[in-house]
Amino acid sequence: MAIQISSAFDAGNIRVVKQDGDLIDLEIVTDHMSDFYQWFHFRLAGAGGREVTLRITNCGTSAYPHGWPDYRACLSVDREDWVRAPDTNYADGVLTIRLTPETDVVWLAYFAPYSMERHHDLVSSVAALSGVGYRSLGQSLDGQDIE
């Protein structure tokens with residue numbers, strides 16, 4: 001099975017630049033309507049039992065490049081429990097993540113994501129409590145309510 005990278009989901013963000021077998025070069029995409037970028041979140045599929053090297057090549061020009069030294073990527077197999085990838089290295093503007101996933105699908109992110117669905121669940125459950133009122137303060141640049 002060929003290795004696939006996907007970020008076409010809520011809070012997904014990465015672009016495949018080059019793929020040569022189990023070596024994949026990636027770039028973080030800028031935030032919506034912005035030149036800012038730091039966040040990545042993507043799914044790696046088809047790599048179960050294979051040693052994979054993921055290189056995020058544009059970290060040196062991210063919003064906060066001093067945050068990459070000693071940083072370790074987050075990963076999850078179920079999107080509930082997140083751990084730090086032990087073999088994460090930053091050098092010369094490139095963040096390198098080496099892993100051998102035990103399963104065919106693994107999720108990687110800058111930090112454990114908090115999806116908009118989870119946010120909506122929290123707001124709904126709190127707004128339903130006695131004595132609590134709901135208010136939207138406005139909207140974000142992409143039209144999401146700021147609650």
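Two strands count as paired if DSSP finds at least two bridges between them. Strands here are DSSP runs of E with at least two residues, numbered from the N terminus. Everything below describes a predicted model, in which local features need pLDDT of at least 70, side-chain atom pairs count only at pLDDT 80 or more, and totals for chains, interfaces and linings use all residues. Residues are numbered from 1 along each chain as its sequence is written, and side-chain values use heavy atoms, with hydrogens and water left out.

**View A. The hairpin of β2 and β3.** Let's start with Arg 15, which stands opposite Glu 27 in β3. Strands β2 and β3 run antiparallel and are joined by five bridges. Two residues lie between the strands of this hairpin, where Gly 21 takes a positive phi near 65 degrees.

**View B. The open sheet of five strands.** Follow the order β2-β3-β5-β9-β8 across this sheet, and you will find mixed pairing. Its edge strands, β2 (15–20) and β8 (88–91), each pair on one side only. From one strand to the next, the twist averages 20 degrees (axes are lines fitted to C-alpha atoms, and angles run from 0 to 180 degrees between N-to-C directions).

**View C. Strand β3 beside strand β5.** Here the pairing is parallel: residues 23–27 of β3 and residues 52–56 of β5 share four bridges.

**View D. The largest nonpolar core.** A nonpolar core is a set of buried Ala, Val, Leu, Ile, Met, Phe, Trp, Tyr and Cys residues joined through side-chain atoms within 4.5 Å; buried means under 20% relative accessible area, with a 1.4 Å probe and protein chains only. This core has 31 residues, and those touching the most other members are Phe 40, Leu 44, Leu 54, Ile 56, Ile 97 and Leu 108. The largest share, four residues, comes from β10. Zoom in on Ile 97 and its contacts include Val 52, Leu 54, Ala 73, Ala 85 and Leu 108, leaving aside residues up to four places away in sequence (contact means heavy atoms within 4.5 Å).

**View E. Ser 76 and its surroundings.** Ser 76 sits in strand β6 (residues 74–76) and is buried, with a relative accessible area of 1%. Not counting residues up to four places away in sequence, Ser 76 touches Asp 81, Trp 82, Val 106 and Trp 107. A polar atom of the Ser 76 side chain lies 2.7 Å from the backbone oxygen of Asp 81.

Conventions: Buried < 20%, exposed > 50% of the residue type's maximum accessible area, 1.4 Å probe, protein only. Polar contact = N/O pair within 3.5 Å; in protein donor to acceptor, adjacent residues only side chain to side chain.
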